[in-house]
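Subject: Structure for you to look at, with notes

Dear colleague,

Here is the structure I promised to hand over. Please open it beside this message and follow along by residue number as you read.

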Amino acid sequence: MEKARGGAAELLDAGMQDNQWTGPETSPPPRPGLRITLIPEQMASTGSSRPAKAIESEVKKLGWVPKISDGQGKPEVQLNALNTAVDEKVDAVILIFVDTTRVQSALQRALAAGVKVVTLGSLKNTPDTVPDVSFDWVRAGESVAQYAVWKSDGDLGMLQMRNADLYIVVNGQYKGSQDYLDTPENCPGCDVVTQDWSLATFEDPTIGPAAQAVATRLANPQLNWVSCFDSCLFRVSNGLNRAGFTDSVSGAGFDCNPENLDIIRAGGVQKVCFADPREWLAYAAIDNVNRMTNGLPAFDFTESIPVALFDKDSLSQLPPDRSAELETKGWQGNFDFRAKFEQLWGIG
């Protein structure tokens with residue numbers, strides 16, 4: 001269990017520490033009047049809506065004209081939104097958690113038309129010339145698996161709620177957890193069950209992820225942990241709570257959305273969350289659009305994005321100002337990245 005404890009503790013400590021800027025030190029002056037379409041995978045998911053709203057608000061300061069086209073969790077809607085952006089002759093598009101393989105025909109139209117395309121949280125793009133803003137998503141999955149192994153003393157029955165629509169989930173978060181738990185020396189005797197669910201059923205009370213999690217736990221009493229990204233886990237936690245599993249199932253999530261932090265603080269089903277500063281990624285995506293519309297290559301921000309874990313104990317140790325910020329905005333990376341980016345753009 002020492003390996004699991006050490007891996008989780010490293011990121012718990014990271015949530016308490018100040019961070020420093022390791023990104024670029026220059027960026028060109030933004031060209032005013034750019035028209036930019038933002039296509040979040042779905043606005044119903046806080047993990048997607050947070051960066052979309054941050055981008056929409058910030059680019060107005062640059063004199064750009066933003067438009068959010070909600071992907072609604074449906075590839076056909078995202079495809080149509082991207083085609084519409086091309087038809088409207090926008091200057092740039094930012095795809096947020098949209099799988100580029102599922103919007104390929106529209107993406108090729110956009111690139112052929114000279115539209116600058118940047119993704120956030122795609123992990124692997126087709127074509128790979130489209131720049132992505134991400135961090136180590138596999139490490140994210142590994143870290144919550146380590147936390148669960150540690151806190152269960154190795155007696156782990158993990159239910160992984162895998163969203164089958166998102167490449168970043170299947171090949172990032174889920175892969176990180178599954179690879180760690182599949183390695184016998186990491187957790188001898190671990191029992192892992194995976195349930196796939198579709199974004200089209202996100203809010204469905206009968207076949208959505210919350211209903212699936214409750215049904216799976218009823219059929220598998222040995223399951224004592226569940227993992228999913230936070231917007232999913234919020235619903236799953238509430239479903240498990242209503243089913244009477246508050247004290248017998250623990251949740252590990254990704255994103256550290258404010259509503260999930262409330263559950264953690266209150267001692268509810270969710271016990272831990274992996275945090276990335278989602279708005280930081282949003283500003284990095286803006287910066288890459290700025291670079292590309294000025295004829296420069298995109299910057300690889302992967303190593304510059306801080307990450308952390310938070311549980312009830314670490315949350316209780318936060319200074320009041322950081323605690324308040326975390327609760328209202330989500331984790332911001334313990335650094336004023338907004339001021340730094342605005343300085344780079346000449347508007348700070």
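Predicted model: local features only at pLDDT ≥ 70, side-chain atom pairs only at ≥ 80, totals over all residues.

The largest nonpolar core has 78 residues, and the members that touch the most others in it are Leu156, Phe229 and Phe341. Helix α10, which spans residues 278-293, gives this core its largest share, namely nine residues. As background, nonpolar side chains in soluble globular proteins tend to be buried together.

Next come the cysteines. How many disulfides does a search of the whole structure find? The search finds three, and, with the bonded cysteines counted along the chain, their pattern is 1-2, 3-4, 5-6. One of them links Cys187 with Cys190, where the distance from S to S is 1.5 Å; this link is right-handed, with 75° about the S-S bond, and both Cys187 and Cys190 are buried. Another disulfide is formed by Cys228 and Cys232, whose sulfur atoms are 2.0 Å apart. The torsion about the S-S bond of Cys228 and Cys232 is about 110°, and the disulfide is therefore right-handed, while Cys228 and Cys232 are buried as well. A further disulfide joins Cys256 and Cys273, with 2.0 Å from S to S, and the link of Cys256 and Cys273 is right-handed, with 100° about the S-S bond. Because Cys256 sits in the loop between β9 (250-254) and α9 (258-265) whereas Cys273 belongs to strand β10 (residues 270-275), this pair ties together parts that are 17 residues apart in sequence. Cys256 and Cys273 are both buried.

Among the helices, I would point you to one packed pair. Helix α1 (residues 2-14) packs against helix α5 (residues 137-151) at an angle of about 120°, and the two axes are 8 Å apart; α1 and α5 are therefore oblique to each other, and the crossing in which α1 passes α5 is left-handed. On the α1 side, the residues that meet α5 are Lys3, Ala4, Arg5, Gly7, Ala8, Glu10, Leu11 and Leu12, and their counterparts in α5 are Arg139, Ser143, Gln146, Tyr147, Val149 and Trp150.

Helix α9 deserves a look of its own. Which residues of α9 are buried? They are Pro258, Asn260, Leu261, Ile263 and Ile264, and the elements that cover them include α8 (230-242), β10, β11 (308-311), α11 (312-316) and α12 (320-329). Just after α9, Gly267 has a positive phi of about 75°.

Several single residues are also worth a visit. Ser49, in helix α2 (residues 46-61), has a relative accessibility of 7% and so counts as buried; apart from its neighbours within four places in sequence, Ser49 is in contact with Gln42 and Met43. Leu166 lies in the loop between β6 (157-163) and α6 (167-182), and at 8% relative accessibility Leu166 counts as buried. Although Leu166 and Val98 are 68 residues apart in sequence, their C-alpha atoms are 7.3 Å apart in space. With neighbours within four places in sequence set aside, the contacts of Leu166 are Glu41, Phe97, Leu199 and Phe229.

Finally, some notes on the backbone. Most residues other than glycine have a negative phi, and most peptide bonds are trans. Phe97, in the loop between β3 and α4 (104-112), has a positive phi near 60°, and Phe97 is buried, with a relative accessible area of 9%. The peptide bond from Thr126 to Pro127 is cis, with omega near 0°, and Pro127 lies in the loop between β4 (116-120) and β5 (132-133).

With best wishes

Methods. Residues numbered from 1 in each chain as written. Heavy atoms only, no water. Core = buried A, V, L, I, M, F, W, Y, C linked by side-chain atoms within 4.5 Å. Buried < 20%, exposed > 50% of the residue type's maximum accessible area, 1.4 Å probe, protein only. Helix = DSSP H or I, 4+ residues; strand = E, 2+ residues; numbered from the N terminus. Disulfide = S-S within 2.5 Å. Axes fitted to C-alpha atoms, helices over the stretch in contact; angles between N-to-C directions. Parallel < 35°, antiparallel > 145°, perpendicular 65-115°, else oblique. Left-handed = near helix turned anticlockwise from the far one by under 90°. Contact = heavy atoms within 4.5 Å.
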